Amino acid sequence: MVIALTAYALRRSQEVVNFPEQLNELLSFFSRNFASDHPFRNIEVISGEPAIPELYMLGSSDGGLNFAVKEGLGLAFASYLSPQMTVPVLRAYKERFKPSVFMSVPRSIISAIVITAETDDEAKYLAAPLELLWARMYAGTLMQGQPFPSLEEAHSHVYSSAEKEARKENRNRFIIGGIKTVSDQLRNLASETMVDEVMLWEAYTDKVARHKAYKLLADEFKLSSTH
């Protein structure tokens, strides 16, 4: 019977997705606080004492904020999806957070798309494929299966009117610039949002440029690797 219930818990129907219900069930597996009559009460995810990891709600709107606050979870916010909501949502999270068995203090992460190099001009050059891809996505000109643009393609591409407008509107989704420009923006963003961690999402098409950018960021923020 337990095996059948476990299979049901893992292979739920995709026809109807009830996120709040499934989230509550997931949290209950960790906290082991299923109601006495809940069908999953006797399913053991981990034997022995409960091991509760740090749980974060991924969000790009106030929907994720509300779940994180209600359940006492961490919040990881994708700033590039909702730039205008980034600061108010993350500030509201810090103000409204209530401790839970999952997290005693608020913990927040901001995810940002960053392209950097030694100079602003070099970074802008390297960011062209990223800008073209997102312009195509928001202009509706991205074809299914179309690969990520190369530097050559991005710099020779003739933007349509819709792509030009999308590119303009997308500018505040990214942090692009020389290492000093980028570090100032990241520090300001972290301060304004009061986050505990900044997660970087990058889109370099050149391997050498990617490694160079990582080195610049590590030196600027005095980061070290154990590997």
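This note goes through the fold, the central strand, the salt bridges and the aromatic pairs of a predicted model.

1. **Ground rules.** The model is predicted: local features need pLDDT of at least 70, side-chain atom pairs count only at pLDDT 80 or more, and totals for chains, interfaces and linings use all residues. Residues are numbered from 1 along each chain as its sequence is written, and side-chain values use heavy atoms, with hydrogens and water left out.

2. **Overall make-up.** The protein has 10 helices and five strands. Helices (H or I, at least four residues) and strands (E, at least two) are DSSP runs, numbered from the N terminus. Of the 227 residues, 38% count as buried. Buried means under 20% relative accessible area, exposed over 50%, and partly exposed in between (1.4 Å probe, protein chains only).

3. **Surface and contacts.** The accessible surface comes to about 13,700 Å². Carbon and sulfur atoms hold 54% of that surface. Areas come from the Shrake-Rupley method with a 1.4 Å probe; for residues, only the protein chains shown count as cover. Among contacts with a separation of 6 or more, 64% are between residues 24 or more positions apart. A contact here is heavy atoms within 4.5 Å.

4. **Strand β3: burial.** Strand β3 covers residues 108–117. 10 of its 10 residues are buried, so β3 is largely enclosed by the rest of the structure. Both faces are covered. One side carries Ser-108, Ile-110, Ala-112, Val-114 and Thr-116. The other carries Ile-109, Ser-111, Ile-113, Ile-115 and Ala-117.

5. **Strand β3: partners.** Strands pair if DSSP finds at least two bridges between them. β3 pairs with β2 (residues 74–78) in the parallel sense, over four bridges. Here Leu-75 has Ser-108 as its bridge partner. β3 also runs parallel to β5 (residues 197–201), joined by five bridges. Gly-177 in β4 is the bridge partner of Thr-116.

6. **Salt bridges on Glu-131.** A search of the whole structure finds 11 salt bridges. The criterion is a side-chain nitrogen of Lys or Arg within 4 Å of a carboxyl oxygen of Asp or Glu. Arg-167 forms one with Glu-131, with the closest N and O atoms 3.1 Å apart. This pair links distant parts of the chain: Arg-167 sits in helix α8 (residues 161–170) and Glu-131 in helix α6 (residues 128–139), 36 residues apart. Glu-131 is buried, at 9% relative accessible area. Arg-167 is partly exposed, at 26%.

7. **A further arginine on Glu-131.** Arg-171 forms a salt bridge with Glu-131 too, the closest N and O atoms being 3.4 Å apart. Arg-171 lies in the loop between α8 and β4 (174–178), 40 residues from Glu-131 in helix α6. Arg-171 counts as partly exposed, at 48% relative accessibility.

8. **Other charged groups.** Glu-202 forms a salt bridge with Arg-210, with 3.3 Å between the closest N and O atoms. Glu-202 is partly exposed at 24%, and Arg-210 is partly exposed at 23%. Separately, Lys-94, Arg-107 and Asp-196 are linked in a network of salt bridges.

9. **Aromatic pairs.** The whole structure holds five aromatic pairs. Rings of Phe, Tyr and Trp (its six-membered ring) pair if their centres lie within 6.5 Å; planes under 30 degrees apart count as stacked, over 60 as edge-to-face and the rest as tilted. Tyr-80 and Trp-134 have ring centres 6.2 Å apart and planes at 90 degrees, so the pair is edge-to-face. Tyr-80 lies in the loop between β2 and α4 (83–96) and Trp-134 in helix α6, so the pair ties together parts 54 residues apart in sequence. Tyr-80 is buried at 14% relative accessibility, and Trp-134 is buried at 7%.

10. **Trp-134 again.** Trp-134 also pairs edge-to-face with Phe-174: 5.4 Å centre to centre, 85 degrees between the planes. Phe-174 lies in strand β4, 40 residues from Trp-134 in helix α6. Both Trp-134 and Phe-174 are buried. Ring pairs link Tyr-80, Trp-134, Tyr-138, Phe-174 and Trp-201 into a cluster.
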